[in-house]
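Here are my notes on the model you sent over. Please read them with the structure open.

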Amino acid sequence: MNATAHNPLNPPIFDVPEPPQEFGQDGGRFYRCYDAIADEIDDDMTQGLKEQLDGMLIFAGLFAGVNSAFLALTIPLLSADPADDANALLAQNNAILMQLLMGRNDSVPANPVLPSTDFSPSHDIFTINTLFSLSLVFAIISSFLAILGRQWLVYYRKRGGGGPDARRWTQLKRYLGAERWGLESVLDDVLPSLLQIGLIIFCASLILYLRHLSPTISLIVGIPMYLGLAFFVGSALCIIWDRFCPFHSPLSHLILLIARGLPWARDTVRFIVALVTHNPHWKYHYRHKMQEFGSRVLHLPFAAWFHILRKGRAEETLKSLEAVALRRTICTSNDLVVLLTAAANIPAIRDAALLEQAMEDSSLTRRLYDLCEELDNRMLHFRGYNADSSDVVMSIKRLSCSAIGHIVIVTSTGDVRQLRDGARVSSPVEILIPIPLLLDSSPNLIKANLAYFVVYKLDFGLSGEEADLFGRHLTACSDALALCSDRSFLSVFSWLVSWTLKYDFTFEDPSSYESLQRAYRQDINETLASLNEALGVLLTPTSRDLLDRDTMLINMLRCMDRIVTHRDNDVFGRTEHLFELLESCETVLRVSRLPEAAREVGRNLRMHMGSFLPRNRILRSSVVNNLESYVTHLQALDRTEFAYYEDIEALRVFGSVCQDYFELGGSSWETFNTFVTDVWKISQQMQGRNRRVRDPEERWCHWQEEPVPIRTVYSPYSQ
């Protein structure tokens with residue numbers, strides 16, 4: 001993409017892209033950049049190959065004509081010349097006539113065998129015609145394949161139907177198919193090599209033919225041909241010493257391929273030697289490899305083989321195509337805006353397998369590191385775009401470092417030291433997003449930014465000043481957490497809260513990095529463990545001095561409420577996890593130190609969860625299992641007078657649902673009935689302590705207002 005000049009009197013604002021919540025949902029910025037790059041790459045490839053194929057067709061036509069001319073001269077030499085038979089017969093007739101003229105009566109010896117009967121072409125003539133014919137065949141085959149190649153290129157760039165998205169992914173599938181089957185290598189190496197082989201064979205046959213006619217002429221013509229062949233081979237060998245030399249040809253590519261395959265050839269030779277010398281070590285090593293290959297290929301079930309043979313290779317999924325588009329964009333473009341737009345979409349890829357697929361090209365991470373390292377030199381590029389270019393540089397550096405941190409944590413690849421060295425910042429706190437910008441930042445950026453900071457400080461911990469800054473930053477991040485329903489953000493934030501308070505803002509535990517990885521990857525067990533631990537730590541009295549406990553509790557509960565409220569349609573996969581969030585909330589609601597604002601949020605979460613439960617009978621078994629687990633969790637909590645009101649609220653929300661779903665006399669019903677009975681006992685205890693008081697205004701005695709008894713909500717003996 002070419003840079004465009006801007007008006008210095010009205011300079012544009014350099015806008016650093018914000019990571020979207022889902023891949024590509026950035027207003028079409030990434031896809032516009034990718035479409036421009038993909039069209040440029042595809043047009044460049046097809047245009048270059050078409051020009052090469054056109055030149056091959058012209059040269060092959062001329063070459064075939066010259067070759068045919070020589071074949072017209074040499075092919076008759078393979079059969080007997082009729083003139084030889086005629087000359088032999090004329091010689092015999094002349095002898096007879098001379099004998100008659102001279103009056104001689106002796107018989108003339110007659111030779112009944114004509115020269116054509118015993119004719120056999122010489123070895124040189126046979127070789128010359130074979131080589132000439134073979135070179136002509138190579139020319140014809142290369143011409144045919146060149147025409148076929150042009151048809152392949154027309155199909156490759158054929159405009160498909162559908163909208164822009166459908167055309168984009170269809171073209172990307174064609175690109176992957178062309179890359180997988182080596183279309184460019186076939187048209188750029190195989191076809192020219194056929195023509196070059198045919199030309200070399202023609203030169204060899206021409207020298208042999210000239211030597212058959214005249215050795216001197218053959219030597220004179222052969223010397224420049226030998227020199228040309230030596231130059232051709234020598235220029236191809238230059239690629240071994242300098243792979244950027246301009247003398248590229250199919251032979252040079254073949255030599256480079258052989259050089260790269262030397263380790264494989266060495267192992268093959270060792271295997272052959274091991275077989276000959278009966279070396280047990282190498283025989284066992286290669287036998288193990290062959291057995292492993294056989295177990296992977298030969299032991300496939302019949303259904304898998306039948307599916308492969310019937311339907312062929314499975315097409316790429318949309319997610320895998322997005323990963324390929326990302327890799328193709330970053331590894332191809334040199335435009336800063338395009339690189340930043342692509343880097344902003346990296347945190348949106350949460351699947352480790354897809355991200356590893358995008359990381360197949362090692363240059364992707366290297367490009368991100370280079371982007372961080374060259375930002376100081378690129379500051380001059382931003383002058384005229386923004387008033388303060390240093391803010392732009394830091395925003396770009398935060399985005400790049402967050403993308404790198406996301407890659408390292410999700411894929412478990414990359415060196416942590418290289419991760420630190422790539423940032424080149426005076427203080428790691430500079431990488432953190434400024435507090436005024438947190439509410440406007442996407443959850444993916446905040447999450448990746450926090451994870452990068454933790455990995456950066458993994459071995460060193462935080463100083464006192466850095467701990468204070470990071471504590472205030474976490475509190476501000478909780479405000480952004482309350483506005484989103486990102487489970488991954490909640491998981492990472494909970495891990496940070498629990499580990500920073502547990503280890504006093506140090507990350508020296510060796511298992512911290514693995515635990516952070518599991519939380520970042522939305523491992524449900526690690527998420528719930530971190531969430532419960534974070535809520536428990538925040539409810540301890542000592543946490544108030546280190547962090548704003550009340551604010552964080554309220555914001556975490558608000559995020560949990562939004563997760564329940566903004567649920568997706570995947571009820572089978574989500575109901576169990578939502579109930580686990582509710583169980584964590586129920587534990588918190590029964591803590592007396594919980595702020596009233598946080599308690600209201602927790603109660604709203606319970607109400608939203610009650611309205612979420614589907615009444616569809618198809619999901620009956622799933623709902624029954626989740627309800628039973630929830631009631632079991634409530635039963636395990638301590639029955640106190642303070643928690644009595646929360647138990648009453650839980651029964652108000654879920655009592656009727658349990659009546660509808662639990663079967664009378666079943667294990668689920670018994671668990672629920674036991675819980676209700678325990679709550680009823682607490683109600684009786686509270687009523688037993690009521691006392692009679694006198695109202696001075698009314699001048700009569702009455703009972704002190706008693707709590708709502710359990711039987712007004714649900715009686716365990718009503719059924």
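**Notes on the predicted model**

1. C559 comes first. Its relative accessibility is 0%, so C559 counts as buried. The model is a predicted one, and the points below should be read that way.

2. Which cysteine sulfur is closest to that of C559? It belongs to C484, at 4.6 Å. That is too far for a bond, because a disulfide needs the two sulfur atoms within 2.5 Å.

3. C238 is another case, as it is in no disulfide. The nearest cysteine sulfur to C238 is that of C245, 5.6 Å away. Is C238 buried or partly exposed? With 30% relative accessibility, C238 counts as partly exposed.

4. Back to C559, which sits in a helix contact. Among the residues of α24 that meet α20 are C559, T551 and M552, along with N555 and M556. The α20 side of this contact consists of G471, L474, T475, S478, D479 and L481. By class, the residues of the α20 and α24 contact split into five nonpolar, five polar and one charged.

5. Now the geometry of that pair. Two packed helices are described by the angle between their axes and by the distance between those axes. Helix α20 covers residues 464-481 and helix α24 covers residues 549-565. They pack at an angle of about 30°, and their axes are 8 Å apart. So α20 is roughly parallel to α24, since angles under 35 degrees count that way. The crossing of α20 past α24 is left-handed.

6. Helix α1 (residues 29-74) packs with helix α4 (residues 164-180) at an angle of about 40°. The axes of α1 and α4 are 12 Å apart. That angle makes α1 oblique to α4. The crossing of α1 and α4 is left-handed.

7. Which residues make the contact between α1 and α4? From α1 come Y31, Y34, D35 and D42. From α4 come R168, W169, Q171, L172 and Y175. Sorted by class, the α1 and α4 contact has five nonpolar, one polar and three charged residues.

8. Check N449 next. N449 lies in helix α19, residues 443-456. Its relative accessible area is 0%, so N449 is buried. Setting aside neighbours within four places in sequence, N449 is in contact with R398, S402, I431, L432, I433 and H473.

9. S488 belongs to helix α21, residues 487-502. S488 is buried, with a relative accessible area of 0%. Not counting residues up to four places away in sequence, S488 touches K447, Y520 and Q522. How far apart are the C-alpha atoms of S488 and K447? They are separated by 7.9 Å, while the two residues are 41 residues apart along the chain.

10. Last, the chain as a whole. The protein chain has 29 helices and two strands. Of its 719 residues, 43% count as buried. Take the contacts between residues at least 6 apart in sequence: 77% of them join residues at least 24 apart.

How values were computed. Residues are numbered from 1 along each chain as its sequence is written. This is a predicted model: local features need pLDDT of at least 70, side-chain atom pairs count only at pLDDT 80 or more; totals for chains, interfaces and linings use all residues. Side-chain values use heavy atoms; hydrogens and water are left out. Axes are lines fitted to C-alpha atoms, for helices over the stretch in contact, and angles run from 0 to 180 degrees between N-to-C directions. Helices (H or I, at least four residues) and strands (E, at least two) are DSSP runs, numbered from the N terminus. Angles under 35 degrees count as roughly parallel, over 145 as roughly antiparallel, 65 to 115 as roughly perpendicular and the rest as oblique. A crossing is left-handed if the near helix is turned anticlockwise from the far one by less than a right angle, and right-handed if clockwise. Contact means heavy atoms within 4.5 Å. Ala, Val, Leu, Ile, Met, Phe, Trp, Tyr, Cys and Pro count as nonpolar, Asp, Glu, Lys and Arg as charged, and the others, Gly among them, as polar. Buried means under 20% relative accessible area, exposed over 50%, partly exposed in between (1.4 Å probe, protein chains only).
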